[in-house]
Amino acid sequence: METASACAKLERLLSEGREKPWLEFKSSNADPDELGCNIAALSNTALLQGVEKAFIVYGIEDQSLQKIGTSFKPHNSRIGNEGLLNWLIRKLDPQVKFDVSEFVCNGKAFTIFEIEPSYHRPVKFNGHAYIRIGEHRKKLAEHPEHERSLWLSTGKRRFENAIAISNASIAEVLRLLSWRDYYRLTAQPEPENNEEIIRILLGQNYLSDEMDGSYAVTNLGAILFANDIGEFASVSRKTVRVVKYTGNDPQNSEREIEGRRGYAVGFENLVEFVLTRSIQRENYSSGVRQTKPLIPAISIREIIANALIHQDLSATGGGPVIEIYDNRIEVSNPGIPLGEIARIIDDAPRSRNELLARSMRFLGLCEERGKGIDKALSAIEAVAIDDGIYLPSPSFRSASNGFIVTLFGAKKFRELSREEKQRTCYQHCVLAYLKNDYMNNSSLRDRFSLDKDDYQAVSSVISDAIRFGTIAPADDMQGKRNARYVPLWAKH
């Protein structure tokens with residue numbers, strides 16, 4: 001670290017006014033065991049406090065906060081034949097990332113340890129885990145409520161809060177991130193000064209304060225607002241790829257593009273690009289032929305948003321892929337679903353990336369939690385084409401560590417496979433149940449765009465669904481006439 005930025009960081013830490021659970025001041029007490037215990041305690045406390053780093057500052061009198069300087073030089077210190085820093089790393093379990101800066105300000109020497117939390121399990125030193133409560137270090141085992149909270153915190157994924165680019169000036173932050181899109185999407189006026197912009201971006205977890213006058217862009221900030229996602233190595237492979245095919249064969253690719261901007265910045269253009277190249281339908285208004293997408297915009301929008309939000313960001317390889325064929329659209333993302341695929345419609349989804357999901361909802365890019373899939377499927381059901389022609393329900397499936405949603409073009413009832421009929425029946429039944437209503441033969445005929453003469457064909461679909469264990473009679477005592485049905489899970 002350069003001396004100027006290190007001195008700025010020192011001043012920033014001193015501005016806290018006193019020690020904090022994540023901040024400790026020391027003069028020159030460099031006892032190795034004491035230091036190891038403090039690193040473990042501060043790492044654990046940083047995780048509980050929700051801060052990116054904890055600090056030990058040597059050269060400060062901890063009561064008066066006077067700058068007295070220190071003679072402690074950890075880079076040159078040794079334990080027997082082993083360097084102190086290597087010794088500390090070896091004694092800590094799990095190994096904790098920490099950086100050490102030795103520098104001089106106004107003729108006095110200082111040392112700062114910057115300690116990151118561990119997201120695997122509570123950190124131990126010499127077999128014991130520690131925590132800071134207020135300004136005091138305690139054994140974690142003596143505080144079971146803190147231990148429970150710490151174990152819960154270690155289960156949280158950290159990809160969104162991890163750093164994509166560090167030590168960026170205000171000017172660099174404003175160049176790297178399309179901050180104006182934040183204010184456009186949230187319908188807020190742009191601030192008149194850069195400091196207010198930075199304050200807002202910090203508050204949304206898009207930035208982290210480096211405490212030396214510079215800032216770090218988080219993975220969350222980069223993946224949402226990057227002007228050029230290629231400038232952020234940690235998220236550069238998470239771009240959305242769109243492939244347009246000729247016909248229905250994946251061997252005949254026509255065009256392929258890859259997004260270069262953050263999700264929030266490019267989302268609307270992405271959806272529009274897919275809509276204009278997806279299956280179109282023609283109609284005539286006042287004798288003028290018009291075309292518009294056959295699959296509703298809200299359905300495409302929510303399925304794409306779902307793929308972005310629920311992907312496994314820690315997976316190596318690429319990000320979401322949208323493949324457009326003449327008869328379907330396939331949207332895939334890395335990472336298998338965390339819940340049951342059969343309950344994807346009615347369950348509030350569990351997200352690997354809660355900060356990303358929350359931001360996408362806040363920015364108006366997707367529906368509130370658990371409502372997007374419902375709206376996508378309801379919009380598909382509402383599409384009126386012609387008698388006997390309808391939009392089949394989408395398919396949801398896992399495949400080789402990924403998740404694929406397929407949106408289909410129009411089909412006739414007689415063209416459907418048994419699986420397609422069953423999928424449409426089940427999804428229609430779930431949607432009816434979520435509206436506090438019931439599926440019946442009439443509603444399912446309407447869903448298939450059939451008339452009364454097709455009563456028996458639809459009854460056969462319903463009978464199969466009951467036999468396959470996806471739906472059940474709403475009333476076990478009801479007769480066949482005007483019978484009503486619910487999803488099987490609603491009966492338990």
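1. Buried here means under 20% relative accessible area, exposed over 50%, and partly exposed in between, with a 1.4 Å probe and protein chains only. By that cut-off Cys7, at 17% relative accessibility, counts as buried. The model is a predicted one, in which local features need pLDDT of at least 70 and side-chain atom pairs count only at pLDDT 80 or more, while totals for chains, interfaces and linings use all residues. Residues are numbered from 1 along each chain as its sequence is written, and side-chain values use heavy atoms, with hydrogens and water left out.

2. On the disulfide: a pair of cysteine sulfur atoms within 2.5 Å is taken as one, and the count comes to 1 disulfide. Cys7 and Cys105 form it, with their sulfur atoms 1.7 Å apart. The torsion about the S-S bond of Cys7 and Cys105 is about -115°, so the disulfide is left-handed. Cys7 lies in helix α1 (residues 3-14) and Cys105 in strand β6 (residues 98-105), so the pair ties together parts that are 98 residues apart in sequence. Helices (H or I, at least four residues) and strands (E, at least two) are DSSP runs, numbered from the N terminus. Cys105 counts as buried at 9% relative accessibility.

3. On other cysteines: the sulfur of Cys425 has its closest cysteine sulfur in Cys429, at 6.4 Å, which is too far for a bond. Cys425 is buried, at 0% relative accessibility. Cys366 is also buried, with a relative accessible area of 11%.

4. On the cores: a nonpolar core is a set of buried Ala, Val, Leu, Ile, Met, Phe, Trp, Tyr and Cys residues joined through side-chain atoms within 4.5 Å. The largest has 92 residues, and Leu224 and Ile322 have the most contacts inside it. Helix α9 (residues 263-277) gives the most to this core, with 9 residues. A second, separate core of 41 residues includes Ala6, Ala46, Leu92 and Phe103.

5. On Ile322: contact means heavy atoms within 4.5 Å. Leaving aside neighbours within four places in sequence, Ile322 is in contact with residues including Val240, Val242, Leu270, Val274, Ile304 and Val331.

6. On helix α11 (residues 354-362): its buried residues are Leu355, Leu356, Ala357, Ser359 and Met360. What covers them includes α8 (219-225) and α10 (297-310). Just after α11, Gly364 takes a positive phi of about 75°.

7. On Thr218: this residue is in strand β13 (residues 215-218) and counts as buried at 2% relative accessibility. Beyond its neighbours within four places in sequence, Thr218 has contacts that include Glu160, Asn161, Ile163, Tyr206 and Ser208.
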